[in-house]
Amino acid sequence: MPDAQHLALFIAAGLLLNLTPGPDVLYIVSNALRSGTRAGVVAGLGVTAGCFVHVFAAAVGVSALLAASATAFTVLKWAGAGYLVWVGVKLLFAKAPAQVPGFALRNPAYEPADLWAVFRGGFLTNVLNPKVAIFFLAFVPQFIAPETEHKALAFVLLGTLFNINSVAVNSAWAAGAGWMARHGAVQRGMHWLDRTAGAMFIAFGLRLAVADNPNR
């Protein structure tokens, strides 16, 4: 593990990176706006679960293979792009949800969420993005000393720390969006927010589809 100074730098960099808006943040915010803070937090936990897949894959060398193989990168890239576009199209053409009688008294958002589906969506949004795999492969080793005996273990520990910190940031995104959902103007504009989120998901998908392997 790095010393205290480098560990603090690693934590700070990780927090800043998690604050950067992207498909994961958009997924968390859109679910929190639609179904409240709890749905947003669950979406964030799904994203974090996907990150753990990338961490362990990088630790055992799968991400290195992904970075080196143009075919593997392209296959995962197109799978991820297709999934993001599919989510975007669903939001773009979603009907305005009807409010469930009595539900607004407990949660001012439009509709209760299938939390397992929300978790699964966050997981897939993250795990199907090869750029996340390349990110972990490029970012984490910078904080592992060359003389470290068990580099794979150090990688897993640092990746785990990164992901634990991301839970707090993702939960903050969810809480902020959940707070916004309590306002009538946001509820009335939910139909258009869905379309905006859908267009952004499609844009993220198309951007991923044309992305080159950053390690090539």
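Is Phe56 buried, partly exposed or exposed? Phe56 is partly exposed, because its relative accessible area is 43%, which falls between the 20% limit for buried and the 50% limit for exposed. The model is predicted. The chain has 11 helices and 0 strands. Its largest pocket has a volume of about 690 Å³.

**Fold**

- From the N terminus on, the elements run α-α-α-α-α-α-α-α-α-α-α.
- Of the 216 residues in the chain, 45% count as buried.
- Among contacts with a separation of 6 or more, 84% join residues 24 or more positions apart.
- The chain exposes about 10,900 Å². Carbon and sulfur atoms supply 70% of that area.

**Phe56**

- Phe56 sits in helix 3.
- Helix 3 spans residues 37-59.
- Helix 3 is also where confidence in the chain is highest, at a mean of 92.
- Phe56 and Thr160 are 104 residues apart in sequence. In space, their C-alpha atoms are 9.4 Å apart.

**Largest pocket**

- The volume of the largest pocket is about 690 Å³.
- The lining has 23 residues. Closest to the pocket centre are Thr20, Gly22, Pro23, Asp24 and Val132.
- Helix 8 supplies the largest share of the lining, 4 residues.
- By type, the lining divides into 13 nonpolar, 7 polar and 3 charged residues.

**Confidence**

- The mean pLDDT of the chain is 77. A pLDDT of 70 or more is reached by 75% of the residues.
- Confidence is lowest in helix 6, residues 103-106, with a mean of 38.
- Over residues 98-110 the pLDDT is below 50. This stretch still has 24 contacts in the model beyond near neighbours in sequence.
- Where pLDDT is low, the predicted coordinates should not be read in detail.

Definitions and conventions
Residues numbered from 1 in each chain as written. Predicted model: local features only at pLDDT ≥ 70, side-chain atom pairs only at ≥ 80, totals over all residues. Heavy atoms only, no water. 1 Å grid on protein atoms, 1.4 Å probe; cavity = no way out; pocket = protein on both sides within 12 Å on 5 of 7 lines; lining within 4 Å. Points joined across faces, edges and corners; volume = space filled by probe spheres on them. Helix = DSSP H or I, 4+ residues; strand = E, 2+ residues; numbered from the N terminus. Nonpolar A, V, L, I, M, F, W, Y, C, P; charged D, E, K, R; others polar. pLDDT = per-residue confidence, 0-100. Contact = heavy atoms within 4.5 Å. Buried < 20%, exposed > 50% of the residue type's maximum accessible area, 1.4 Å probe, protein only. Areas by Shrake-Rupley, 256 points an atom, 1.4 Å probe, with all protein chains shown as cover.
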